[in-house]
Amino acid sequence: MSAIELSARPATFAVERSLCGWGRTAPSTARVLTPASPAEACEALDGLAERGGALLARGAGRSYGDAAQNGGGTVLDMTRCARIGEPDERSGLVRAQAGATLAEVIAQIGVHGRTLPVVPGTRHVTVAGAIASDIHGKNHHRDGAFARHVESISLWTPAAGVLALSQQDDPELFYATLGGMGLTGVILDAELRTEPLGSWYVSGDTDRTASLAATLQLLAEPERHRYSVAWLDLLARGSRFGRAVLSRANPLDLHHDGVPLRERARALAAAPRVRVPAASSVALVDPRAIRALNAARWAASPRRARERPERLDRFFFPLDALGDWNRLYGSRGLIQYQLVIPDGREADLDRCFELIRARRVPVCLAVLKRFGPHFGGPLSFPIGGWTLAADVPAAAPGVGAALDALDQIVAEAGGRVYLSKDSRLRPEVLASMYGELDRFRATAARVDPDGLMSSDLSRRLELRAEAP
């Protein structure tokens with residue numbers, strides 16, 4: 001591979017690399033720089049901005065689609081910018097650099113008896129990725145998304161250099177950056193709110209349902225738990241379609257299993273012991289086998305269980321136990337399609353499920369959750385309502401047409417598709433899903449008038465207005 005020197009500093013080189021998202025569906029080639037510090041990143045960015053050309057930052061590559069790719073342009077791999085400070089004893093605030101993963105942040109602050117209020121389904125996303133995607137967890141109905149717990153951001157912008165953003169300092173750009181898909185500039189670090197950590201366990205309740213109607217009825221009840229998620233079986237046939245295992249939990253205080261706090265924190269940030277090998281290009285996920293596994297999982301779950309202690313990592317991050325699990329879908333990859341349907345439009349949610357059933361979309365993994373009120377920027381995904389995330393083999397026959405039809409239902413209902421997981425949405429549908437798109441474009445243009453910040457996603461969906 002050839003390296004292109006972009007700075008007098010020896011560490012700042014661009015190397016041609018093929019990049020893809022976690023779904024492995026649409027790789028593209030870019031020049032990749034890996035700065036060792038925010039200062040080095042800024043130096044490289046200043047030089048690149050003078051030369052012109054498309055720029056983008058990238059973290060752990062956990063967005064499913066093409067959001068962290070920039071074919072033909074330059075990508076800053078920020079994973080070496082990963083320093084984490086100590087949490088402030090009075091405020092609980094902690095400052096972390098862009099490339100630190102949430103696992104590393106939780107491990108660092110956990111030793112001090114603190115944790116993050118919101119985490120997604122994997123702990124291996126970076127701080128900047130969590131902000132750019134405004135990630136959400138199993139407690140959005142109670143605590144909102146990640147954006148709600150960001151105190152301030154240091155952002156490099158093409159037109160103004162490094163800016164300090166908060167709700168008080170340039171709130172319009174601050175909120176545009178929360179969920180802004182990395183298109184307002186390059187996040188260098190952020191100050192995050194933390195909360196007390198009672199223990200490394202939650203107190204979990206489990207309920208098993210026998211049908212989709214029973215699942216929706218249970219989820220529609222007033223929620224008394226802080227965390228709630230339903231695993232759905234969308235490959236079951238007949239009346240069993242949509243049967244579920246609903247897992248709900250509250251923090252469990254003062255539960256100690258004898259493992260030293262520092263050791264438990266280190267284990268949380270450790271790499272998985274088992275990984276899917278890279279050698280095979282054959283898909284190991286087959287809907288027939290998944291149907292049998294789903295049936296076994298459903299049957300093995302208790303009908304009703306209450307207040308069972310469960311480790312945080314097993315409750316929040318079950319898929320992290322298997323490293324590189326996305327390889328199970330083979331070289332053609334997977335699509336994780338996530339939608340949200342607003343409250344009051346449950347009939348449209350039913351239409352989505354009926355379409356999945358009628359088209360026999362091979363959904364290998366599906367989870368359903370409730371969202372609380374919207375908070376964040378114009379491109380922030382969560383709005384009050386029902387959110388369904390479904391993993392589908394990208395090579396499955398007819399999947400493209402089926403998802404296009406789902407897009408139409410979602411858009412007509414006033415819902416939206418999660419851009420961080422998208423790899424195939426059409427631009428003509430985008431504006432009807434994200435009604436404040438023009439507001440985002442105007443804010444981004446203010447700090448990037450030449451439209452340097454760009455990605456495969458932004459060009460495909462025309463997220464940025466054309467530069468004058």
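These legends describe close-up views of a predicted model.

View 1. Strand β13 covers residues 227–233, and strand β19 covers residues 365–371. Three bridges link β13 and β19 in the antiparallel sense. At one of these positions, Trp 231 has Val 367 in β19 as its bridge partner. On the β20 side, seven bridges pair β19 with β20, again in the antiparallel sense. Here Phe 371 is opposite Gly 385 in β20. In a regular strand, side chains alternate between the two faces of the sheet.

**View 2. The four-stranded open sheet.** Another open sheet has four strands, in the order β6-β10-β8-β9. Its pairing is antiparallel. Strands β6 (94–97) and β9 (161–166) are the edges, each pairing on one side only. From one strand to the next, the twist averages 20°. Strand β8 (residues 150–157) and strand β10 (residues 186–192) run antiparallel and are joined by six bridges. Ser 152 has Glu 191 in β10 as its bridge partner.

**View 3. Helix α2 against helix α7.** Helix α2 (residues 102–110) and helix α7 (residues 261–269) have axes that come within 8 Å. These axes cross at roughly 175°. An angle over 145 degrees counts as roughly antiparallel, so α2 is roughly antiparallel to α7. From α2, the contact takes in Ala 103, Glu 104, Ile 106, Ala 107 and Gly 110. From α7, Leu 261, Ala 265, Leu 268 and Ala 269 meet them. By class, the contact has seven nonpolar residues, one polar and one charged. Gly counts as polar and Glu as charged.

**View 4. Helix α10 against helix α11.** Helix α10 packs with helix α11 (residues 399–412) at an angle of about 175°. Their axes are 10 Å apart. The two helices are therefore roughly antiparallel to each other. On the α10 side, the residues in contact are Asp 348, Arg 351, Cys 352, Leu 355 and Ile 356. On the α11 side, they are Ala 402, Ala 405, Leu 406, Ile 409, Val 410 and Glu 412. Eight of these residues are nonpolar and three are charged, with no polar residue.

**View 5. The second largest pocket.** About 490 Å³ of space lies in this pocket. Its lining has 26 residues. Closest to its centre are Leu 235, Arg 291, Arg 360, Val 361 and Pro 362. Helices α8 (287–300) and α10 (346–358) each give two or more residues to the lining. The lining divides into 16 nonpolar, five polar and five charged residues.

**View 6. The largest cavity.** Rolling a probe the size of a water molecule over the atoms shows where empty space is left. Across the whole structure, three cavities of 30 Å³ or more are found. The largest cavity holds about 50 Å³ of space. Its lining consists of Lys 138, His 141, Leu 219, Glu 223, Ser 228 and Arg 370. Three of the lining residues are charged, two are polar and one is nonpolar.

Methods. Residues numbered from 1 in each chain as written. Predicted model: local features only at pLDDT ≥ 70, side-chain atom pairs only at ≥ 80, totals over all residues. Heavy atoms only, no water. 1 Å grid on protein atoms, 1.4 Å probe; cavity = no way out; pocket = protein on both sides within 12 Å on 5 of 7 lines; lining within 4 Å. Points joined across faces, edges and corners; volume = space filled by probe spheres on them. Axes fitted to C-alpha atoms, helices over the stretch in contact; angles between N-to-C directions. Parallel < 35°, antiparallel > 145°, perpendicular 65-115°, else oblique. Contact = heavy atoms within 4.5 Å. Pairing = 2+ DSSP bridges.
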